[in-house]
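Try each task before reading its solution.

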Amino acid sequence: MIEVLAPGPYATVQDLGRPGYAHLGVPRSGAADVGSLKLANRLVGNPEGLAGIELTFGMARFRFRDGAWAALAGAPLEAEMGVPFWVPAGGELRLGAPARGMRTYLAVRGGIAVEPVLGSRSTDSLSGLGPEPLRAGTLLPVGPPLGGIHADLAPPPAPRPPVLRVLPGPRADWFVPEALDVLCGRPYEVSQDSNRVGVRLRGPELARARNGELPSEGMVVGAVQVPPSGQPIVFLADHPPTGGYPVIGVVRAADLPVAAQLRPGDQVRFTTRRGP
Amino acid sequence: MIRPVGEHGLLAETGSLELSHRVHAALRAERPEGVVEIVPGPETVLVVAPGADQGRLRARLEAVVDRERGRTGAGAAEGPVVTIPVVYDGADLDSVAALAGIPVAEVISRHCGRELVVGWLGFAPGFAYLTGLDPVLEMPRLDTPRTSVPAGSVAVAGPYSAVYPGPSPGGWRLLGRTSVQVWDVAADPPSLFRPGMRVRFEPVAA
């Protein structure tokens, strides 16, 4: 059992979410930066999809009632990143704020074993499915270890430039012809009201070529949706499964972790170029 | 027309909800390899298949859309009609009657008088947009949405009716309530309403 002493600004349990229920109105949810959760899990010998803790801007404290192997990945903290470490019974794990990035993943050997909902332990901030966000006093059960620890070192990946590669469409034709060039021109600034639903951006306005409403249609993670304000939103894990604003482009899967690690105030650029 | 949606998604334009339902049902019955999500909308069906061969999937999707478009007369809505008992004592019943210019009893009879079809789900898990509402009951949402609408509330807004699957904020006009649980995470599937399903409301005493 792990006791949350302080969750930091926002912390939730996350695994790989609830795929397959979008037609019933259920967001996929799951870790915003899937690669970092998987890495943290591998470091402690877990299957990649076990539930861990997603910290938003760090600053959390936990007491481990039982000793356990743990690992951190994602936004780098002063603590050891990318190596499994042992937390003794009764030990306290104190985590500071990340030097860069937004979301850090704490994996514990055996995984966080809260009750799953629709096959997932993820907190869905949009629909409320899954466990409540962590609070001081939340008790988190830990599952039995599965398999041995194989990796013992994963050098933290080099920081990636804040560039998101997009594939145009499916509704690029709802915008003026130069809108994609505008999107990929000057950088956008990440707004304060960004969250697990999406990264809200402020910058050059993306003008529409047509008026009227788009009938509601299925949405995907990474979709760059443009509300009437002309200011784009990049959908993250808790995005609504359907939406009525046109999507000008979709961020490549390989760049979703970059989007998930953007902080309010960061500058980000888009490109339609394929290469890195 | 099939539009790409990033690397893993394809959006088939159907142009009608009925064709969306047929394509959705066909893809669910014979799901192409690697397909994780099939999401119908009023004029589209989104298919998400990470790791699948997008060229092959696109060809398959085109073939299904063409085939289903050709099946004229085959109604999308099949299967049994789900009956939802409703106690018509909603907070907006009188204002809906006033806006429609009809007596309350007629609001109820018109709401129950037609078979509705689950168009698609969105807004919240299990929240179904029920299509086919009597046009007399079409009206705008409330100017100021309620901060909390109880689960089981039966409501109308625009050309749709809905049953609130859980407590949530909401701007739809409340006609009544049902004791039927339309959303239950312990059930499989968790949603009573699925796209294409036929629904009828039935008045019951409180």
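In domain 1 of chain A, 29 residues touch 15 residues of domain 2 of chain A, contact meaning heavy atoms within 4.5 Å. This is a predicted model, in which local features need pLDDT of at least 70 and side-chain atom pairs pLDDT 80 or more, while totals for chains, interfaces and linings use all residues. Residues are numbered from 1 along each chain as written, chains are lettered from A, and side-chain values use heavy atoms, without hydrogens and water.

**Exercise 1.** Locate the two domains of chain A.

*Solution.* 
- Domain 1 covers 2-140, and domain 2 covers 163-271. These bounds come from an automatic or database domain assignment.
- Their C-alpha centres lie 27 Å apart.

**Exercise 2.** Find the area buried between the domains, and which residues of domain 1 of chain A lose the most.

*Solution.* 
- About 1500 Å² is buried, 51% of it from carbon and sulfur atoms. Buried area is the accessible area (1.4 Å probe) that two parts lose on being put together, summed over both.
- On the domain 1 side, A:Met102, A:Arg103 and A:Leu126 lose the most, together 33% of what that side buries.

**Exercise 3.** Count the salt bridges between the domains.

*Solution.* 
- Apply the cut-off: a side-chain nitrogen of Lys or Arg within 4 Å of a carboxyl oxygen of Asp or Glu.
- The count is one.

**Exercise 4.** Which side chain forms a salt bridge with A:Glu54?

*Solution.* 
- The partner is A:Arg196, at 2.9 Å from N to O.
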